[in-house]
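Me: Could you help me see how labels get attached to parts of a structure? I would like to ask about a few of them.

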Amino acid sequence: MRKTAEASFATRFKRDFLLNKYLYLMMVPVLAYYVTFHYAPMYGALIAFKEYTPIKGVSGSAWVGLQNFHDFFSSYYFWRILKNTVLISLYSLCFEFPAPIVLAILINELANKKFQRFVQTVTYMPYFISLIVIAGMIKDFTNNGGLVNNFLTYFGMNDTAMLQKPELFRTIYILSEIWQKIGWESIIYLAALMSIDQEQYEAAKIDGAPRIKQIWHITLPGILPTISIMFILRMGNMLNVGFEKIILLYNPSTYDTADVISSFVYRKGLIEFGWSYSAAVGLFNSVVNLALLIAANKISKRISQNSLW
């Protein structure tokens, strides 16, 4: 029975391959990329369980088991970087995630098409600016005498170097993330809005429903599947706070609120050469993200019937 099923699958695959051979050929570069840069490097995760030295290599380094994980969980830095990572991720989920949804709906409601395209262009532009330039702009805007400080002092507030204040770092980071990504991330929601049947809006107008009710009862349910999928993907990267911007913006005076798992891995692994220790921290981060992805997928499937699998 099993051999028959396997033969049947092989026959179907062969027939499908002959019919769509060029499509399969287009998949080769993508598969090669993932195998080379995502699956092959997974072998290197073994160094998290070893006392790795480059001279001995992965296979020759001494096996230490869970010692690196124990050292991390019992260190002073564990609770600090876990707290910072979770808080920044939660703030991002609460404020950054819904921002492009709101922008897409507002753009969709604009009647003037020229103004609509102008708003889209203006909001897309920050995404294409180099991160180095973005970080430099943020530093200039928030330094003494910067644009933000000049605006705040106009209302009687004190002029201060904001990035030197630990309590302001998360706010600056989240606001800059929204400013940089809101336009680009709204594209997928605008595409989802285009797929909504316009006859529903016409029927709602005939029934006398105002625009706010049309948005609540037609627009939001129409893009809910897209929102669910994007939410699941966001949960899968919940603890992957980008270390590039963090490293460009933080300094020792703001470590208490700015240091996250990814920036900690960068410092320990590439600056202090603690390869095994940093690999253990990174592996812990990946396992937690996987657990969050699975949990979010199950919850979404149960609540909205939308899921990745």
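**Burial and aromatic rings**

Reply: At 1% relative accessibility, Phe72 counts as buried, because buried means under 20% relative accessible area, exposed over 50% and partly exposed in between (1.4 Å probe, protein chains only). This is a predicted model: local features need pLDDT of at least 70, side-chain atom pairs count only at pLDDT 80 or more, and totals for chains, interfaces and linings use all residues. Residues are numbered from 1 along each chain as its sequence is written, and side-chain values use heavy atoms, with hydrogens and water left out.

Me: Why is the pair of Phe72 and Phe73 called tilted?

Reply: Rings of Phe, Tyr and Trp (its six-membered ring) pair if their centres lie within 6.5 Å; planes under 30 degrees apart count as stacked, over 60 as edge-to-face and the rest as tilted. Here the centres are 5.6 Å apart and the planes are at 45°, so the pair is tilted.

Me: Which aromatic cluster holds Phe72 and Phe73?

Reply: That cluster also includes Tyr76, Trp79 and Phe264.

Me: How do you know that Arg267 sits over the ring of Tyr255?

Reply: A charge sits over a ring if NZ of Lys or CZ of Arg is within 6 Å of the ring centre and within 35 degrees of the ring normal. Arg267 lies over the face of Tyr255, at 4.7 Å from the ring centre.

Me: Why is Phe37 called exposed?

Reply: Phe37 has 56% relative accessibility, so it passes the 50% limit for exposed.
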